[in-house]
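Good morning, and thank you for coming. Please look at the structure on the screen while I speak about its charged side chains.

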Amino acid sequence: MFGAIWGAVIGAVLLLGTTAQADCAGKNLLNALPIQAQAELRARAAAHPFAIGNFWLAERDAARIYLIGTYHFDDPRHAATLAQLRPLLKTTRVLLVEAGPSEEVSLHQRLADEPALILNTKGPTLPELLTPETWQLLSKAVRARGIPPVMVAKLQPWYVSMLLSMPLCGLNSAAAENGLDRQLMLAAAAEAIPIKALEPYDTVLRIFGDMPQSEQLDMVTMALATEASSADMMTTLADSYFAQEGRLIWEFNRLQSHEVLGYSSQRIDADLAKMEQVMMIDRNRAWIAKIEAAAQQGQVLAAFGALHLSGEAGVLRLLEQQGYHISRQPLP
């Protein structure tokens, strides 16, 4: 969902001096649920349009837009997907991604030039903002990642929550920067196909930066609640993606939130709805005009996080509402 910002976060984490590594052999938490609970989750996911499928074609008159939902981290299973897409690239006029090479450079440069984007340079630090118990939990979690707590104390809470969501095995630049998005960009560059961004490089930075501090602190609390199972969550996410069940992982995330956070159901549902609005729906709506404009110039391949595909305000439904015929395409 976050695209290029993950690479920037992991790069900054490495600069903090982390040396911790671990095997990423987590278990699939979905498969560990009772059969009835799995069926209920799949039923909830299926209630949303385009809940299953990673590869689609949108057609209207002469316009042809191929859309591939991506997984932003490295995985050997990407090889089969990339092999399927390579012939398509040869007939594609432009590759659209969340953030292209120039946007990634701009993002890294901005983070280097403006430390306040990720550092809390004013006001109380995390040990002062969090309860003593929560700060101790956070300190233990970052030490396991090879980062002294004193170096985390002045980080912006949203940034810390992203760090906590990464399992130890994911804390390397190769894992964070070699997802399907990056592999497609390399393949497009080899074919001299233009690569254009769907949004400004600082979109996600602005989203998090505009969040009230209280909401950012809630993100830290939520991340700590599931931090011990982060490797399992990454395995679950990857397996669901390659099963082409993108919407299912969102429903599973909802279930996990209700089970581990200890908040009221109303609060959790409201928080998830707000996150979906700012991180997915608003961005989806902003992308449509750029996708349609590109399609006027020839065949398009648009690659972005798979969670953006499904739902009433997903990219596929929004294109359908613009008169496009949507058809699922085969993947290995």
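**Salt bridges in a predicted model**

Asp271 and Arg267 form a salt bridge through their side chains, with an N to O distance of 3.8 Å. A salt bridge here is a side-chain nitrogen of Lys or Arg within 4 Å of a carboxyl oxygen of Asp or Glu. Both residues belong to helix 15 and are 4 residues apart, about one turn of the helix. Helices (H or I, at least four residues) and strands (E, at least two) are DSSP runs, numbered from the N terminus.

This is a predicted model, in which local features need pLDDT of at least 70 and side-chain atom pairs count only at pLDDT 80 or more, while totals for chains, interfaces and linings use all residues. Residues are numbered from 1 along each chain as its sequence is written, and side-chain values use heavy atoms, leaving out hydrogens and water.

Are Asp271 and Arg267 buried or partly exposed? Asp271 is partly exposed at 31% relative accessibility, and Arg267 is partly exposed at 32%. Buried means under 20% relative accessible area, exposed over 50%, and partly exposed in between (1.4 Å probe, protein chains only).

Next, Glu98 and Arg283 pair in a salt bridge at 3.0 Å, N to O. Glu98 sits in the loop between strand 3 (94–97) and helix 4 (101–113), and Arg283 in helix 15 (residues 265–295), so the pair links distant parts of the chain, 185 residues apart. Both Glu98 and Arg283 are buried.

Finally, a search of the whole structure finds 21 salt bridges.
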